[in-house]
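Welcome! Please take a look at the structure below, and then we can walk through its parts together.

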Amino acid sequence: MDNLIDYETEQTVIDYIPRNATLHSLAEFFSACSDATRAKIICALCISEMCVSDLSRILDINQTTCSHQLRLLRAADIVKQRRDGKVIYYSLKNKKIENVLLAGVDFLVLITAVFYQKCGTIIPLKIAKHAFYPNEMLC
């Protein structure tokens with residue numbers, strides 16, 4: 001079969017593809033973030049560290065479910081914990097995780113606006129953004 005790309009492009013692709021171990025870790029990271037409940041917990045922890053009881057109350061999820069999801073997020077190295085007496089507080093292990101989520105939401109805002117444009121309905125980007133950030137001011 002003939003190559004359709006030039007040698008330089010092929011070498012660049014080969015050089016930039018991460019090692020298999022890195023790709024596996026990346027897939028595990030996105031897998032850990034792929035559950036809606038875990039994504040909700042991560043979003044909450046972007047704002048403040050919290051204990052299970054506060055998380056479950058604010059996010060309206062069962063405490064057992066919340067604890068289970070936090071255990072998975074800890075195993076994925078996304079969340080860390082600290083103990084203060086009998087209370088365990090959870091927080092993001094690295095603030096860059098917030099940037100990953102925000103990039104995902106920005107992507108969704110963009111494709112939502114493009115979708116409406118393809119359907120013949122032009123909507124301002126700030127309206128599309130409001131669908132994902134309903135509590136944010138539109139000005």
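At what angle do the axes of helix 3 and helix 5 cross? They cross at roughly 80 degrees and come within 10 Å. That makes helix 3 roughly perpendicular to helix 5, a label for angles of 65 to 115 degrees. Axes here are lines fitted to C-alpha atoms, for helices over the stretch in contact, and angles run from 0 to 180 degrees between N-to-C directions. Helix 3 contributes T37, R38, I41, I42 and L45 to the contact, while helix 5 brings T65, C66, Q69, L70, L72 and L73; contact means heavy atoms within 4.5 Å.

A word on the background: this is a predicted model, in which local features need pLDDT of at least 70 and side-chain atom pairs count only at pLDDT 80 or more, while totals for chains, interfaces and linings use all residues. Residues are numbered from 1 along each chain as its sequence is written, and side-chain values use heavy atoms, leaving out hydrogens and water. Helices (H or I, at least four residues) and strands (E, at least two) are DSSP runs, numbered from the N terminus.

Three strands make an open, antiparallel sheet in the order 1-3-2, where pairing requires at least two DSSP bridges between two strands. Strand 1 (50–51) and strand 2 (79–84) are the edge strands, each pairing on one side only. Strand 3 (residues 87–92) is joined to strand 2 by six bridges and to strand 1 by two. Here are some of the residues that face each other:

| Residue | Partner in strand 3 |
|---|---|
| M50 | Y90 |
| R83 | I88 |

Strand 2 and strand 3 form a hairpin with two residues between them, and G85 in the turn has a positive phi of about 70 degrees.

Finally, let us visit the surface. Helix 2 (residues 20–33) gives the most to a nonpolar patch, with three residues. The patch is formed by V13, I17, L23, L26, F30 and V100, and I17 lies in the loop between helix 1 (7–16) and helix 2.

Methods: Patches are made of residues with over 30% relative accessible area and no salt bridge: like charges are joined within 9 Å, nonpolar side chains (Val, Leu, Ile, Met, Phe, Trp, Tyr) within 5 Å. Accessible areas come from the Shrake-Rupley method with a 1.4 Å probe; for residues, only the protein chains shown count as cover. A salt bridge is a side-chain nitrogen of Lys or Arg within 4 Å of a carboxyl oxygen of Asp or Glu. Angles under 35 degrees count as roughly parallel, over 145 as roughly antiparallel, 65 to 115 as roughly perpendicular and the rest as oblique.
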